[in-house]
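The following note sets out points for a colleague's review. Please read the points against the sequence and coordinates shown here.

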Amino acid sequence: MRAHTTTVIGLLAGMLGLFGCMSEHHQARTDGTCFIGGCSAEVCSDRDDVVSSCIWRDAYACFRDATCERQPEGACGWTPTTELEACLASHDPLPGSRL
């Protein structure tokens, strides 16, 4: 019984650590017409109700200080910067990523 209790406590501590990592991010900037959404604040869109699966990818940390705004083609998206592109390039490609 003691081993099971220790395992459960360890799992809960790990989950709380992951939640803290995801929730203590810097608020990314928006232009007021685009919204940051998704479980890990990894989505930039023109809707304020976008959800995503809660699967953490290390590359999501790259969006912590990124700007979510209308792009030249008119759609909302993360504004490419040297810093954002370098950060994303240092991780596995994100599904559907254009950066």
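What is the handedness of the disulfide of Cys34 and Cys76, and what torsion about the S-S bond decides the matter?

1. Basis. The model is predicted, so local features need pLDDT of at least 70 and side-chain atom pairs count only at pLDDT 80 or more, while totals for chains, interfaces and linings use all residues. Residues are numbered from 1 along each chain as its sequence is written, and side-chain values use heavy atoms, with hydrogens and water left out.

2. The disulfide in question. The torsion about the S-S bond of Cys34 and Cys76 is about -85°, so this disulfide is left-handed. The pair links distant parts of the chain, with Cys34 in the loop between E1 and strand E2 (35-37) and Cys76 in strand E5, 42 residues apart. Strands (E, at least two residues) and helices (H or I, at least four) are DSSP runs numbered from the N terminus. The sulfur atoms of Cys34 and Cys76 are 2.1 Å apart; a disulfide is a pair of cysteine sulfur atoms within 2.5 Å. Cys34 is buried at 2% relative accessibility, and Cys76 is buried at 13%. Here buried means under 20% relative accessible area, exposed over 50%, and partly exposed in between (1.4 Å probe, protein chains only).

3. The other links. The count comes to four disulfides. One of them joins Cys44 to Cys68, S to S 2.0 Å; its torsion of about 85° makes the link of Cys44 and Cys68 right-handed. Cys44 lies in strand E3 and Cys68 in strand E4, 24 residues apart. Another joins Cys62 and Cys87, with sulfur atoms 2.0 Å apart, and is left-handed with -80° about the S-S bond. Cys62 is buried at 8%, whereas Cys87 is partly exposed at 24%. With the bonded cysteines of the protein chain numbered in sequence order, the pairing reads 1-7, 2-4, 3-6, 5-8.

4. Strand E1 (residues 29-30) pairs with E4 in the parallel sense over two bridges, and E4 pairs with E5 in the antiparallel sense over three bridges. Two strands pair if DSSP finds at least two bridges between them. Thr30 has Cys68 of E4 as its bridge partner; these two residues are 38 apart in sequence and 4.6 Å apart in space, C-alpha to C-alpha. Cys68 has a relative accessible area of 0%. E4 and E5 form a hairpin with five residues between them, and Gly74 in the turn has a positive phi of about 105°.

5. Aromatic pairs. Rings of Phe, Tyr and Trp (its six-membered ring) pair if their centres lie within 6.5 Å; planes under 30 degrees apart count as stacked, over 60 as edge-to-face and the rest as tilted. There are two such pairs. Trp56 and Tyr60 are edge-to-face, at 5.8 Å centre to centre and 85° between the planes. Phe63 and Trp78 are stacked, at 4.7 Å and 25°. Phe63 is in the loop between strand E3 (43-45) and strand E4 (67-70) and Trp78 in strand E5 (residues 76-78), so this pair ties together parts 15 residues apart in sequence.

6. Core. The largest nonpolar core has 13 residues, and Phe63, Trp78 and Cys44 are among those with the most contacts inside it. Such a core is a set of buried Ala, Val, Leu, Ile, Met, Phe, Trp, Tyr and Cys residues joined through side-chain atoms within 4.5 Å.
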